[in-house]
Amino acid sequence: MPDTWAPVARSAITVPGPRSVVDGWEVSTRRSSAALRLSDASPLAKVSVRADADGALADAFGVRFRSSRRRDGVLVIGSGPGEWLLVGGVGTAHQIAGQVCGLVAGDFVSVVDVTHGRALMRLTGSDASRALSKVCAVDLSDAVTPEGAAFRSSVAKVTTDVIRDDAGGGAGEPSYLLHCERSSGQYLFKCLLDAGKEFGIEPEGPGLDSTGAR
Amino acid sequence: MTGAASRRLPAQAGELVDRSRPLAFRWDGRSYVGLEGDTIVSALLACGVDVFSRSFKYSRSRGVLSASFVDPGCTVQVDDEPNVRGAHRRLAAGMDVRPQNVWPSLRFDVKTANGLVGRFLTAGFYYKTFIKPQRLWPAYQQVLSRFASGGVTSRQNAHGYYDKRYVHVDVVVAGAGPAGLAAAVAAADTGAGVLLVEEEYELGGHLRFSGEESLSTLSELRAQVAARPSIEVMTDAVVTGRYDDNWVAVLQRNVGGAIERLVKVRAGVLVAAPGLIERPYVFAGNDLPGVMLSTAVRRLVNLYAVKPGERAVVLTANADGDAAVADLTRVGVNVVRVLDGRAGETIRRATGRGRLQAVELEDGTVLPTDLLVTATGWTAPTSLINMAGDRPVWNPTAARFVPSGDGLPPTVLATGGLVGDGSTDELIAHGRAAGTLAGDRAQGRAGGGVPDLACEPHPGMFRASTHGFVDFSEDVSSKDVVAAAKEGYDSSELVKRFTTATMGPSQGKLETINTIAVLSEATGRAIEDLGTTVWRPPYAPISLGALAGRIFEPTRVSPMQGWHEGHGGVPLLAGQWIRPDHYGDAAQEARNVRENVGIIDVTPLGKLELSGPDVPRLLNLVYVNKWSKLAVGSVRYGVMCAEDGVVMDDGVTGRLDEDRYLMSTTSSGAATVWEWLENWLQTAHSDWRVHVTPVTTAYASINVAGPKSRELMQRVVEGVELSTEAFGYMQVRQGRIAGVDDCVMWRIGFTGELSYEMHVPASYGLHVWEALLQAGEDLGIRAFGVEAQRILRLEKGHLIVAQDTDGLTRAHSAGLGGMVKLDKDDFAGKPELAWHERYGLATAPRLVALQPVDATAVPPEASQIISSNGDILGRVTSSRMSPTLGHGVCLAQVDPAVAAAGTVVTIRLPGGGDIRATVQEDLAFVDPEGVRLRA
């Protein structure tokens, strides 16, 4: 038996290419400069928060259902009525959870670390919405789904939180974060690659900073 | 074949073919060369081939009629693809094009014999002839299917690639002729997003083949479209339907690697601009190859530089017919006679064997010719506005149906030839006004008016003095329509159904008006009184592949799936989950659990994190047993029943902290139970302070089972005392496993062995799995799959909900009656279970264990248990050969009459034959006292 174990975390998504262990996660180091890119963002910390939809925590976040904003390096997503998803840097789930609990004392709030239970990927490029519109029926126009918009819908028949996050994508291009339950992550990743084939999509490994942005 | 003489003309203004790019292809087994930009049919015509198919019923030779998508005579097989529209599909290098619906060959077809007896094969022949005697129908069917048209596909070939796309746009313009182009540009100029859909490969409609002035107008319009990025252009695409709320179906062909794509559009406003379709003329011989519409001639000459004949007779009743005469003359065709329909001139018949050889005029003059061109009127394809609620009306002056203008919602507009006639400028002006209005309306503004576009007078020419085909796709003649009218089918809808006119692949675009006109003639009723049939979606044929799109069948895998695949795990699809059924020998895997230690990936087990002070109230509500006194660090088995008392799920729930619980459900019940809990919380008890978070895949779940499991656990677990005293059966602990924090482990035993179920943060699942295998190597550790687990649990007599229970099994019938606590205040299913306990037990089936008398026998699951007189007394719900005991073990639902221990029952095997089995004292075959479990 080893005296000390060296646990390695692995994403639900397998991205081809050379691999290395970064921050305790075995990830693909593949980078792409293709016009449309799909990157695995699963190592980011993900925290699910439940509280009164219109309560003190909602006010403290300043985020309601269907919208999102970055706050102190954490992307706060209003993923459902009275339900938030917080995305932050790798390994920060406990810290985020602690901060949330400190925001409002006394209210009934549940905070669950779902980092390992969910898959997260980012679709970036000028054709991102065209590719996404092949597997998702929601109107992705700026009028309906502007920067910061968040919705939960069927993407290739998988229940998925979709967040329009151009700011996090870098390079001023349209960018979407897609968040689904972990065991379907590889399937969703494959479906998005299939949908993006006509636009020359390429997969790439993580490579994200602590704000969830590239 | 008519020889190899090339019919390719010198370069034509606006031609689509690229003379620098020859394309070799095959037709009917022989090699040909066409040009890039050709359609299959234009390439063949240029090579001197003018017969492309045999007709549906009489097997008559057919050639070009309209030289467009709807051309009924140009349907061919391309490679493995049947029913290709040869006058539309672009030629590609290497295509293997074949005629379809011919036997043995295109030149000689045995079904031609039908033509000789055609007068006996009138409409209704099949209905009347093959209905009796009914017992002969299978034989009739065999023969008739040989006569059905439609090409062939190989079952060996892979499924084609089809997909879908969703579009939300302000304005959809259907049709890109002058009016459609102007409408798109004008709509874009109002700030609207526009989707411009065109059936042809390029924009322009009839401007493409109408002379140099039209081409110059077209290039201006195309430039305007190109300059507006808010217009998305789809060519080789067609709006096939308009449905409620302006959901518009667009079929896009050959795009993005897909054979066809269904584009599901939500449009603010739909502008229908489909133009006009030229109408054939009815006369004897009107289907002979060499008889063409004027627009066919103009397409062939101007778009594909193909000479359609050498010696032509033209019957023209409008300017387009006149223009065809000019085109023919310009390219050197000898136009031997022009007959002016406007002056009452017409023809009597066309004659020829297999192709046109002569035209006979009304005065009996016979003109030898190889090309007869007709320009006798138009059909407005009112399909889309029909679908939107308009009922077209007959305009006798223009001799065509036009939109009534009533019944359309404000979100559907029409423009161009569909509405009326005019110069190119007038059509553009109308399109522009319609586009502006569409853009305004789509953006919530009232918008202005749209000018009138009147119909020009046109002689009503439908049929000559002879009878000919009204429907070329279905081989329906004007005689058939007259006969149908005589039989009493005297409305347009009835005649359509009786004769099948308009029901073929052209779907009425060429046939409707002639059918109604002949019916009008036969009945003496005016066309305006008969009205037109209703056009329904789809406007153009759509493949099942396009309707299906990509086949999305989500699959789910655990973090250890890669390991399973790499170690011989045989996949089992359980719901959406892919799981290892076994790794080669399930019985050996099961024995190893009894003797040493095994691990199984149970990640699919449903897991819900429950938090809040009211969790015990929720648990008491949804489970039939009691939960108020569950201590921190304990787990309890619970059974959930629906309101009807039927068992819906089971599992264990552990109390991790004061207000934090982890509930497990069956693998298949995870989603149902989550919904069930949320339903109670959101509807009946919204005041309860409970949050439910699904964490099924937040944890990789591994069951460690076997007498050596504690020893194994001691090697990998830190921070948790594992002795029986410190961590007993039905206890839960949190700690570190193989260096991974935040793990939950509980002592339960589905397999009947000492076992620990560990839930580790999923990203570390593979790490922990491999650590266990490494740590337990000297203990004889071995992974086991779902099959071994099923054997083990059956030996232990543990039921599986939905396998050993069904949609009628109440708790008592699953051997769970003892868990039902009717002294609780309330819980889901209580009234029904209380009733059942009082009145139902005497007759309700019971779950029992059965051991076949013959030790080698294992009755298949679902085998019936029968009485001596053959009545069904129950069924086997689970059965396996027990590797531990060496005999068959079963669970069964049986009638109470045979449920007593020691009763010998008869099991009827599905394949015939009976075996006997003895009802056991206990459900468990192995360790009924639970000593191993609690070790």
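**Figure 1. Strand β34 of chain B is mostly covered in this predicted model.** The strand spans residues 660-665. Five of its six residues are buried. Strand β31 of chain B, residues 606-611, pairs with β34(B) in the antiparallel sense. Six bridges link these two strands. To find one position in the pairing, look for B:Ser611, which stands opposite B:Arg660 in β34(B). Strand β33 of chain B, residues 647-657, also runs antiparallel to β34(B). Four bridges join β33(B) and β34(B). Here B:Arg655 has B:Tyr661 of β34(B) as its bridge partner. A hairpin connects β33(B) to β34(B), and two residues make the link. What holds paired strands together? Strands of a sheet pair through backbone hydrogen bonds. The side chains of a regular strand alternate between the two faces of the sheet.

**Figure 2. Five strands of chain A form an open sheet.** Read the order as β6-β7-β8-β5-β9. The pairing is antiparallel. Which strands lie at the edges? They are β6, residues 68-71, and β9, residues 110-113, of chain A. Each edge strand pairs on one side only. From one strand to the next, the twist averages 25°. Now follow β5 of chain A, residues 45-50, to its antiparallel partner β9(A). Four bridges join these two strands.

**Figure 3. The largest cavity has a volume of about 70 Å³.** A search of the whole structure finds eight cavities of 30 Å³ or more. How many residues line the largest one? The lining has 13 residues. Those nearest the centre of the cavity are B:Arg62, B:Gly63, B:Val64, B:Leu65 and B:Asp287. Sorted by class, the lining has seven nonpolar, three polar and three charged residues.

**Figure 4. The second largest cavity has B:Thr382 in its lining.** This cavity has a volume of about 50 Å³. Its lining also includes B:Thr379, B:Ala380, B:Phe401 and B:Thr512. B:Ile513, B:Thr532 and B:Trp535 line it too. By class, the lining has four nonpolar, four polar and no charged residues. Look next at B:Thr382, in the loop between β22 (378-379) and α9 (383-387) of chain B. Is B:Thr382 buried or exposed? Its relative accessible area is 2%, so B:Thr382 counts as buried, a term for values under 20%. Beyond its neighbours within four places in sequence, B:Thr382 is in contact with B:Pro392, B:Phe401, B:Leu418 and B:Trp535.

**Figure 5. B:Gly268 meets residues from other parts of the sequence.** This glycine is in strand β13 of chain B, residues 258-272. B:Gly268 is partly exposed because its relative accessibility is 28%, which falls between the 20% and 50% cut-offs.

Figure 6. A:Asp23 is in the loop between β2 (19-22) and β3 (25-28) of chain A. With a relative accessible area of 60%, A:Asp23 is exposed. B:Ala862 is in the loop between β42 (846-852) and β43 (864-866) of chain B.

**Figure 7. A cis peptide bond runs from B:Pro537 to B:Pro538.** Its omega is near 0°. Where does B:Pro538 lie? B:Pro538 is in the loop between α14 (527-530) and α15 (544-548) of chain B.

Terms used. Residues are numbered from 1 along each chain as its sequence is written. Chains are lettered from A and ligands numbered from 1 in the order in which they are written. This is a predicted model: local features need pLDDT of at least 70, side-chain atom pairs count only at pLDDT 80 or more; totals for chains, interfaces and linings use all residues. Side-chain values use heavy atoms; hydrogens and water are left out. On a 1 Å grid over the protein atoms alone, a cavity is a set of points where a 1.4 Å probe fits but cannot get out, and a pocket is an open set with protein on both sides within 12 Å along at least five of seven lines; lining residues have an atom within 4 Å of a point. Grid points are joined across faces, edges and corners, and a volume is the space filled by probe spheres set on the points. Ala, Val, Leu, Ile, Met, Phe, Trp, Tyr, Cys and Pro count as nonpolar, Asp, Glu, Lys and Arg as charged, and the others, Gly among them, as polar. Two strands pair if DSSP finds at least two bridges between them. Axes are lines fitted to C-alpha atoms, for helices over the stretch in contact, and angles run from 0 to 180 degrees between N-to-C directions. Buried means under 20% relative accessible area, exposed over 50%, partly exposed in between (1.4 Å probe, protein chains only). Contact means heavy atoms within 4.5 Å.
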